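Trainee: Could you take me closely through the part around the ligand? I would also like to know what it sits in.

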Amino acid sequence: MSPMSSASPVPPVLPMSPPMPVAPDTTREGGRRESSGSNGSNGMIGTSGLIGSSVIRPDAVDKARGDFAFSSDLWAEGMLWGKVLRSPHPSARILSIDTARAQQMPGVMAVLTWADLPGDQVFGLDAKDQPVFAHDVVRYAGEPIAAVAATHPELARQAVDAIVVDFEPAIPLVDPDEALSAPATHEAGNVFRHITLRHGDIKAEGDVVVEGTYEVGMQDQAFMGPESGLAIPSSDGSVDLYISTQWLHVDRDQVAACLGLPPELVRLHLAGVGGAFGAREDITIQVQLCLLALRTRRPVKMVFSRAESFLGHVHRHPARMWYRHHARRDGTLVKVEARIVLDGGAYMSSSAAVIANATCFAAGPYRVPSAAVDGFAVRTNNPPCGAMRGFGAVQVCFAYESQMDRLADALQMDPIELRLKNAICSTDRLITGQVVGGTAPVAEVIRAAAEAPLPEPASGDLLELPGGAGRCAEYDKVVRGTGFAVGFKNLLYSEGFDDFSTARCRLDGDMATITCAAAEVGQGFVTLARQVVTETLGVTKVRISSGDTNEIGSAGSTSASRQSWMSGGAVLEACKAVADRVLSMAADTLQVRPETLRLSVGYVVSGDGIPLISLNDLTRGKPVEESVVFHHKPTDPLDSDGQGNAHVSFAFVAHKAVVDVDVELGLVRVVQLSTAQDVGKVLNPLQLLGQIEGGTLQGVGLAVMEELLVADGIVQNPSFTDYLIPTTLDAPDIVVTRLVEEPDPLAPFGAKGAGEMPAISSTPAVVSAIRNATGLALSRVPVRPQDIAFGYAKSDSA
Amino acid sequence: MATMSGIARPVSVEGVLDVLDEDPATQVLAGGTDFMVEVNYGHRKPQSIVALSRVAGMRTWQVVEDHLVIGAGVTYSQVMKEQLADLLPGLAQAARTVGSPQIRNAGTIGGNLGTASPAGDSLPILLALDALVNIRSKHSSRSLRVDEYVIGPKKHALQPGEIIVSVRIPLSDTSQEFLKVGTRNAMVISVAGLALVVDWKSGRVGCGLGSVGPTPIRASEAEAWLAGVIDWENRRIPDRDGYGQEFGRLVARAASPIDDHRSSAAYRSYALSVCGKRAYERIRRQQRQVLPGIVNGE
Ligand SMILES: Cc1cc2nc3c(=O)[nH]c(=O)nc-3n(C[C@H](O)[C@H](O)[C@H](O)COP(=O)(O)OP(=O)(O)OC[C@H]3O[C@@H](n4cnc5c(N)ncnc54)[C@H](O)[C@@H]3O)c2cc1C
């Protein structure tokens, strides 16, 4: 059994347990068995509730039964329905906007454009370059132009159709390489950021040189819960916005600026979030909703259709990457050269930070003494791109791991041996000059993932072969391949950003209330916060509240694999401060020294565990409350050579993939992905497994099917009919061979963020396995059936 | 805004036909798996609806002499169940390729014909089986072959007031195969689909193609070629080099696929020829081993 598959009630992950392979299905069984034993009222199923136990989410049952209220389920008395008019053109001048007919429709309460915006016209996470409403030009197909509020959603749709916009379409700039030299499509120019990274001896040469060009298509976060929210105006001119987002406070700041209101008058509340993966970092409907509510003086609700959702949020940056690796004959890496171009689309969003990641991590988790990397994020008339799970680390991992395979081939060396030979460790330097520091068990994750035993050969069941339910496979034409990849990424924000999280803990009797604005987007912060409370205060009655933006300070974004560390850290410190106060109160009452006391299951107990006084007696009606602001270690910006201590910490991951390929039809069935991950410490085994399975599968999607197709700036497949994500029949068995627990000295509990890592190395591992099965180069993801079928037919006849 | 005047839920075919006779603009709702998608996208704005779900007579199938009559309201899940799947393995195979379990529980054969999409997965096999579409209105009834019924992309020959009540399929001694290629292992719109039926009793070959032209296509040349090489007396499909390939080539020649965001014309033709070859080989092997049709449904 794997460390994750234990059904025992004790914390199932033992730090030093040897890597134990599992039969394909037991990882999933483990999760199910544990949760099916549900009986506790406090959501702690057969566990202590402490750190390290598989505490079940408080909303798990509601979500499973469809009772959970998502932001799309919000409702208020007398509310109106909002709807946005979007540009059909990727590039055009707006000659006029005529809203007269829409305004006159009965039941239409407001039709608003740029001219109605009292505050800033533009917003953005970084540079404020994106208009709330297009004014004289549109720069991408899908850009908002006007917003309507009406008494019925269908009426709102008709009103939007009744707005007449006179466009003068222009030829869109859609090629990211051309963007570097083409006339600017925005006064801020076409280059969001160019990073020149130079490290070591850039003239160094290797005995063996391999070169390749790689491409990554535009992936979408494809969350289930569409963008939605409800804005409720108050008579004092303030507004409450209930919204699904990843970061309440930064939304608030942008919304308030555009509304021309002081931030205190815009109160954001977290509504039920149906997935995020980066797509809710930028604001989408927030300003329009508040503006409509303030104008109509009525609550306004908006829910994106699926098509609008695909057009309304940012996507993963498509990438074009050129690489040249130099190595000595024994496999030691000498130098990596790369040129990375990310298509950021029409507006900046987080492009500048994404290209920084892509550039900093361009060489992979390897010891690379010299490097010359040029990273560009450019502006085009394609849909804006920004944050998505893996954030720049995904694209380059596909390229550098493809290169490592190519290099192993050229050296006639085992690809895993090559990776082990160059694996970075904590005392080595990255190509940014930064010493890795902390913990870097790269060799361990490589070995553990590589050790997984191979699954049984495919049975003859057509459902289990490539093509699945379509039953088009021919057993004789199915070839099995295996592949391997390693990846890594920074945790938390980088480049000198002053990142922090705020939390408040209030203990009243044996009931603790945590207020922290960390956005719960499905990752399990609400569960973790409970565990932290139980661990530090010894109570199991815990209320978690995200408050509103006036009640508590910022918790930062639910992104960058940072909330367990940052908000977990804030909650931990707040709880510790409360514990200290409670213990000194008890010490006073009991006339003992506080060091002789601790907290356990609702009591202050003596050193040897004898209950002395209950928390109810001590604090009921006299609550103890502490607030803290938690910061991580400061980082530095990158200098003009892309050098500097820009990152706080790193986590590492490896995947081994097994695929079956119908080489004639070009169809793929990913059979198994085994993985090992550097997690520092396991806080909640079940939730961690959820992150690993989900992230790994998202990587499978990018490898073989997920792509938002954009032709001449127009998205071709904005629907779940045509934007394909893996189904159960596409999901491989995911086997966790090892969770490496080397505590990060800087992190609360030593735990590293774990949300993004699984999505990084799974894609290159799958493609490597397809290459292994077919012998094809396959330099672009997602790999399409025709790439395999036609490539194979050609190589077969040659 | 126009409001909906209501949903009629008759319990008999006659009741449905009465509603349509009174108001031919009334829209027919079966499982709703196409209908509601169109409503959600604003492509369909029904003023009045007649629902078929309570018409018990349309939700069953029966053997009538040497034919099988399948009610228009029969779902994919029903088609995949044993008895029907034994009689029509190719249709059961096609049904298994449709959508997800939820869609197969709701979606009907009548609805697939009603949408008349070139990607409708039941259409190639119905074509290959020589199925007749039984159509009625209050005052008339008629039957059309599938290739007479589908007259263009998502266009069919129904007149106002008419509905499909059933499909009628000759019962015979057949071998059947259905293959569908898509870029996902389940719940995917077909990039190319092929149904092959060899009728040992009548010495006839049927081959229907999906998603490779504006309508489901009959591969007549390929059918004739295969009928010509089969040793009907000994029930043998020749095991000769290049025969499967030739069949695949002829099948692909019947197609007129397009490039779109789901695939390229070149890959569609190619995949079709591979499917033709594989269908040929599967039926040849089945015949030799005298195996019953294999169904992978649950
Ligand atoms: C997620 C999803 C996946 C899908 N996957 C597939 C797939 O893999 N393959 C595939 O072929 N299809 C697929 N479909 C489409 C759809 O499920 C099928 O076409 C199904 O057969 C439609 O049947 P229905 O009973 O739901 O029809 P409805 O949606 O109720 O009706 C469809 C049309 O047929 C008309 N109609 C229905 N019954 C009759 C009748 N008796 N007489 C006259 N007109 C009638 C209706 O007026 C309407 O125009 C999918 C749909 C969804 C939502």
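**The ligand and its surroundings**

Mentor: Start with the side chain of Y76(B): one of its N or O atoms lies 2.5 Å from an oxygen atom of the ligand. That meets the cut-off for a polar contact (a pair of N or O atoms within 3.5 Å; within protein, one must be able to donate a hydrogen and the other to accept it, and residues adjacent in sequence count only if both atoms are side-chain atoms). Keep in mind that this is a predicted model, in which local features need pLDDT of at least 70 and side-chain atom pairs pLDDT 80 or more, while totals for chains, interfaces and linings use all residues. Residues are numbered from 1 along each chain as its sequence is written, chains are lettered from A and ligands numbered from 1 in the order written, and side-chain values use heavy atoms, without hydrogens or water.

A polar backbone atom of G31(B) is 2.7 Å from a ligand oxygen. For G32(B), a polar backbone atom also sits 2.7 Å from an oxygen of the ligand. How much of the ligand does the protein bury? Alone, the ligand exposes 980 Å², and the protein buries 87% of that. Such areas come from the Shrake-Rupley method with a 1.4 Å probe; for residues, only the protein chains shown count as cover.

Now the shell. Chain B elements giving two or more residues to it are β2 (27-29), α2 (35-40), α6 (101-106), α7 (109-115) and β10 (163-170). Helix α7(B) gives the largest share, five residues. Helices (H or I, at least four residues) and strands (E, at least two) are DSSP runs, numbered from the N terminus.

In total, 34 residues surround the ligand. V28(B), T33(B), D34(B), Y76(B) and T108(B) are the closest. To be near, a residue needs a heavy atom within 4 Å. By class, the shell holds 17 nonpolar, 13 polar and four charged residues. Here Ala, Val, Leu, Ile, Met, Phe, Trp, Tyr, Cys and Pro are nonpolar; Asp, Glu, Lys and Arg are charged; the others, Gly among them, are polar.

Step back to chain B. It has twelve helices and 14 strands. Its radius of gyration, 19 Å, agrees with the value near 19 Å for a compact globule of 298 residues. That radius is taken over C-alpha atoms, and the globule rule is 2.2 Å times the number of residues to the power 0.38. The C-alpha trace spans about 65 × 45 × 35 Å along its principal axes. Of the 298 residues, 54% are buried. Buried means under 20% relative accessible area, exposed over 50%, partly exposed in between (1.4 Å probe, protein chains only).

One buried residue of chain B deserves a look. K180(B) lies in strand β11 (residues 174-181). Its relative accessible area is 3%. The K180(B) side chain makes a polar contact of 2.6 Å with the side chain of D121(B). A polar atom of that lysine side chain is also 2.9 Å from the backbone oxygen of V188(B). Leaving aside neighbours within four places in sequence, the contacts of K180(B) (heavy atoms within 4.5 Å) include G470(A) and C472(A).

That brings in chain A. Chain A has 18 helices and 31 strands. Its radius of gyration is 27 Å, close to the 28 Å of the globule rule for 798 residues, so chain A is as compact as a globular protein of that length. Buried residues make up 64% of chain A.
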